[in-house]
Amino acid sequence: MRRRTLLASLSVAAAGGAIGTGAFTSVEATRTVDVAIADEDKALLALTEMDPQLVNQGTRNRIQISIDEAINENGGQGVGSRSEYVFDEVFGITNQGTQTVYVESEFTETDGQSGISPGFYVATTDDLLLGTDAALVVDPGQTAAVGSYLDVSDVNVDYDDELSVSREFNFDATITAEEEEPSDLRLLNNEGNEVNDGEDGPAV
Amino acid sequence: MKRRTAILTLGGLVASGGAAMGTGAFTSVEADRDFAVDVRNDDSAYLALRPVDADGNVVGNLSEGDTDRVPETPEQNRPFSLIDEDTGRIDIAVTALNADAMTVISNVFQIDNQGRNPIDVYVDISYEGEGDGNPDVVEVSTSNGNALDDDENPVELGDGNSLVVDLTFDTSGIGPDDAIADTITIHGTDPNRGESQ
């Protein structure tokens, strides 16, 4: 997607160039390009683990969120059916670019089951989900703590005295940061407080 | 056409590389990350709900034939609480109350905090069915006598700890044809929420 965006903006520039210099059928030019992928915590949009029990780090420190196992010796191994769970401060989003960005998220179920609605929220504002109700405003250099919300509906799990039975759900969580302010969402700063619409940067 | 595309792509990469190095500005970033969740039975979830015997001890699951917890009336032929083997959820049933009476049922089920932080717990009883119910008939308390249905005064439950729930029913003015309640909601919130940083 990132690459697609870049392509689109480029073609505009190239078209302008072509008009200015006259028509040509084809030209080929080779330039040096330096494109690199940074580790997760060093990228322009840095995603960093805050809760080591729920976040694993994969290749290049890419974060993976797993709410699916024992998180201590107390025996809980997952969320219950027909319940809502919230987990504060799961991971951090840091804006290491130079302009304010608006962060949203969406989830795509990757294994085809249904019955769970996940969401991300900032600080403890779990009644306003990012991308659905609100966008998170992050100024350059700022970090926001993002939590995970789970709405579990009537998911049936067979009960077995002997075995630990579970139903597994997997999602792709897409986190988007854009410089353009969304018009249809409430704006929250990194403390979860609402920001006045139309202002530059978050109000305190 | 193919070649033109290639050129445009090239230019784009140069432009963006320059922008990123020079100013750190970016128009948009989209990142996909894995998010995995397991849903568990009520007895192995972080907030667990378990059937108990008449003394308040956890007994594994109960089933319809467990006579030690069956009041054996035509209207109540199953334990007060059991985990449904198909849904994995605890079902609570008290179906043979007297009209115009005060009934106390001790040791109905257990709430276990199997998470990793203390929680403040309270319980809501409600009626979601058709017409009017009478959820106020039901009072919820812990087996050592603390009210458990007051959201202003929840009961703290440390991680790894559990409490057993008693139910009290005051059916004054309520008859056999009146609906009472069909939903119990257990709330648990970390009393230190938001203070960790």
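R82(A) is partly exposed, because 18 other C-beta atoms lie within 10 Å, a count between the 12 or fewer of an exposed residue and the 20 or more of a buried one. You can find R82(A) in the loop between β4 and β5 of chain A. Keep in mind as you explore that this is a predicted model.

**Two arginines with a positive phi**
- Most residues other than glycine have a negative phi.
- R82(A) is not a glycine, yet its phi is positive, near 50 degrees.
- R60(A), also not a glycine, has a positive phi of about 55 degrees.
- Look for R60(A) in the loop between β2 (55-57) and β3 of chain A.
- R60(A) counts as exposed because it has 12 C-beta neighbours inside 10 Å.

**Where chains A and B touch**
- In this model, 71 residues of chain A are in contact with 56 residues of chain B.
- Several elements of chain A give two or more residues to the side that touches chain B, among them the helix α1 (2-21) and the strands β5 (83-95), β9 (143-152) and β10 (166-178).
- The element that gives the most to this side of chain A is β10(A), with 13 residues.
- Sorted by type, the residues on the side of chain A that touches chain B are 32 nonpolar, 23 polar and 16 charged.

**A strand pairing across the chains**
- Strand β4(A) pairs with strand β1 (residues 28-40) of chain B in the parallel sense, over two bridges.

Note on methods: Residues are numbered from 1 along each chain as its sequence is written. Chains are lettered from A and ligands numbered from 1 in the order in which they are written. This is a predicted model: local features need pLDDT of at least 70, side-chain atom pairs count only at pLDDT 80 or more; totals for chains, interfaces and linings use all residues. Two residues are in contact if their C-beta atoms, placed from the backbone, lie within 7 Å. Helices (H or I, at least four residues) and strands (E, at least two) are DSSP runs, numbered from the N terminus. Ala, Val, Leu, Ile, Met, Phe, Trp, Tyr, Cys and Pro count as nonpolar, Asp, Glu, Lys and Arg as charged, and the others, Gly among them, as polar. Two strands pair if DSSP finds at least two bridges between them.
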